[in-house]
Amino acid sequence: MQIGELAKATGTTGRALRHYEQAGLISSERAANGYRIYDEQSVLRVRNIRYLLAAGLTLDDVRVFLPCLDGDVAAASPSDTGLCVALERLAVLNERIAAQTETRDRLEAALRQKAGGLIRPVA
């Protein structure tokens, strides 16, 4: 299938597919006219990549899961390496959330001080 067909089948874009290919997560053959041609297995692989990205992992993180991208990633038991990567990503996300919460709280306090209490706390 061509890149547009794979994009449609997986709910993504040709640009994202080229990015995944550049990252080494998927591969294609080239037709005589230079078009990328993907096999049917690429549909499952791209869906698994998108599943892992939606879970909060990065493309670099997804590389750890290369050996299992052609199976049911959501149902498979995670490897020790996969668990470590996920736990590290969770720690990074928690740090970012804490930093953003702290920044929001400082901005809210400054606005409350300047606006004379007209600003309501964010829940």
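Which residues does Ala9 touch, not counting residues up to four places away in sequence? In this predicted model, the residues that Ala9 touches under that condition are Val43 and Arg47.

**The largest nonpolar core**

- In soluble globular proteins, nonpolar side chains tend to be buried together.
- The largest nonpolar core of this model has 22 residues, and the members that touch the most other members are Leu17, Tyr20 and Ile49.
- Two or more residues of this core come from each of helix 1 (3-10), helix 2 (14-22), helix 3 (41-54) and helix 4, with helix 3 giving the most, namely four residues.
- When neighbours within four places in sequence are left aside, Leu17 is in contact with Ile3, Leu6, Ala7, Thr12, Ile26, Tyr38 and Val46.
- Val46, which is found in helix 3, counts as buried because its relative accessibility is 0%, and buried means under 20%.
- Not counting residues up to four places away in sequence, Val46 touches Leu6, Thr10, Thr12, Leu17, Tyr20 and Ile26.
- Val46 and Gly14 are separated by 32 residues in sequence, while the distance between their C-alpha atoms is 12 Å.

- Helix 5 (residues 80-115) contains 36 residues and reaches 52 Å from its first C-alpha to its last, which is close to the 52 Å expected at 1.5 Å a residue.
- The buried residues of this helix are Gly82, Val85, Arg89 and Glu108, and the buried residues of helix 5 pack against helix 4 (59-62).
- Asp61 has its place in helix 4, and Asp61 is buried because its relative accessible area is 10%, a value below the 20% limit.

**The largest pocket**

- The largest pocket has a volume of about 410 Å³, and of the 22 residues that line it, the closest to its centre are Leu52, Phe65, Pro78, Gly82 and Ala86.
- Helix 3 and helix 5 each supply at least two residues of the lining, and helix 5 gives the most, with seven residues.
- By type, the residues of the lining divide into 17 nonpolar, four polar and one charged.

**Cys68 in its loop**

- Cys68 lies in the loop between helix 4 and helix 5, and it counts as partly exposed because its relative accessibility is 32%.
- Cys68 touches Asn48 and Val73 when residues up to four places away in sequence are not counted.
- The C-alpha atoms of Cys68 and Pro78, which are ten residues apart along the chain, are separated by 9.7 Å, and Pro78 is one of the lining residues closest to the centre of the largest pocket.

How values were computed. Residues are numbered from 1 along each chain as its sequence is written. This is a predicted model: local features need pLDDT of at least 70, side-chain atom pairs count only at pLDDT 80 or more; totals for chains, interfaces and linings use all residues. Side-chain values use heavy atoms; hydrogens and water are left out. The expected span of a helix is 1.5 Å times one less than its number of residues. Buried means under 20% relative accessible area, exposed over 50%, partly exposed in between (1.4 Å probe, protein chains only). Contact means heavy atoms within 4.5 Å. A nonpolar core is a set of buried Ala, Val, Leu, Ile, Met, Phe, Trp, Tyr and Cys residues joined through side-chain atoms within 4.5 Å. On a 1 Å grid over the protein atoms alone, a cavity is a set of points where a 1.4 Å probe fits but cannot get out, and a pocket is an open set with protein on both sides within 12 Å along at least five of seven lines; lining residues have an atom within 4 Å of a point. Grid points are joined across faces, edges and corners, and a volume is the space filled by probe spheres set on the points. Ala, Val, Leu, Ile, Met, Phe, Trp, Tyr, Cys and Pro count as nonpolar, Asp, Glu, Lys and Arg as charged, and the others, Gly among them, as polar.
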